[in-house]
Amino acid sequence: MFAAQAIDTSDKAAFYRDLAKQLKALLEGEHDSIANAANTSALIFQMVPDLNWAGFYFLASDEELVLGPFQGKPACVRIAVGKGVCGTAVELGTSMLIKDVHDFPGHIACDAASRSELVVLLEDEEGVFGVLDLDSPTPGRFDSADQAGIEALAAIYVASSSFAD
């Protein structure tokens, strides 16, 4: 049975290295993409301080993301590619680190308490197939160390999971 271990958050790079080890252990031997997304979002929500939402959106078509496993309040189910932070990340093909969502044109407010957002792409050899999305009630919550750490966690999720068509 997996049990998350407390991690010192004073050094972000070390925190994310330790969190990556825990995620690898959690996903070891399991390849179901939905089960792994559920456990990945749960571990991130439990361990990363000051979040109010952590979860996945998957491309249902070239034009739309659909909600996947998450932790937090109920969320927007469908997001058009090019809309909101998640859809813009997919359209631009890059991670998005938003210090204050109120300053992001077209932000989709699924939870009015969210103030900052970090969206990283889920990619395999065929390209982008979704995003891992984190929200915080604190403006400026995320920085480049968070982005690098969450990108590494997303890569572990992708490497551990099978994606059947």
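Author: A definition comes before that: the expected span of a helix is 1.5 Å times one less than its number of residues. Helices (H or I, at least four residues) and strands (E, at least two) are DSSP runs, numbered from the N terminus. This is a predicted model, in which local features need pLDDT of at least 70, side-chain atom pairs count only at pLDDT 80 or more, and totals for chains, interfaces and linings use all residues. Residues are numbered from 1 along each chain as its sequence is written, and side-chain values use heavy atoms, with hydrogens and water left out.

Reader: Fine. How far apart are the end C-alpha atoms of α1?

Author: They are 22 Å apart, which agrees with the 22 Å that its 16 residues should span at 1.5 Å a residue.

Reader: What caps the N-terminal end of α1?

Author: Asp11 does, with a side-chain oxygen 3.1 Å from the backbone nitrogen of Ala13. A polar contact is a pair of N or O atoms within 3.5 Å; within protein, one must be able to donate a hydrogen and the other to accept it, and residues adjacent in sequence count only if both atoms are side-chain atoms. After α1 comes Gly29, with a positive phi near 85 degrees.

Reader: Which residues of α1 are buried?

Author: Buried means under 20% relative accessible area, exposed over 50%, partly exposed in between (1.4 Å probe, protein chains only). In α1 the buried residues are Phe15, Tyr16, Leu19, Ala20, Gln22, Leu23, Leu26 and Leu27. They pack against α2 and α4, where contact means heavy atoms within 4.5 Å.

Reader: And what do the buried residues of α4 pack against?

Author: Their partners are α1 (12-27), α2 (33-47), β1 (53-61), β5 (116-124) and β6 (127-136). The buried set of α4 includes Ile150, Leu153 and Tyr157. Asp143 caps the N-terminal end of α4, with a side-chain oxygen 3.0 Å from the backbone nitrogen of Ala145.

Reader: Now the loops. Is Ser114 buried or exposed?

Author: Ser114 is buried, because its relative accessible area is 3%. The residue is in the loop between β4 (96-98) and β5.

Reader: Which side chains does the Ser114 side chain make a polar contact with?

Author: One is that of Asn52, at 3.1 Å, and another is that of Asp135, at 3.4 Å. Ser114 also touches Val101, His102, Ser136 and Pro137, among others, not counting residues up to four places away in sequence.

Reader: Last one. Where is Asp62 found?

Author: In the loop between β1 and β2 (64-72). Asp62 has a relative accessible area of 74%, so the residue is exposed.
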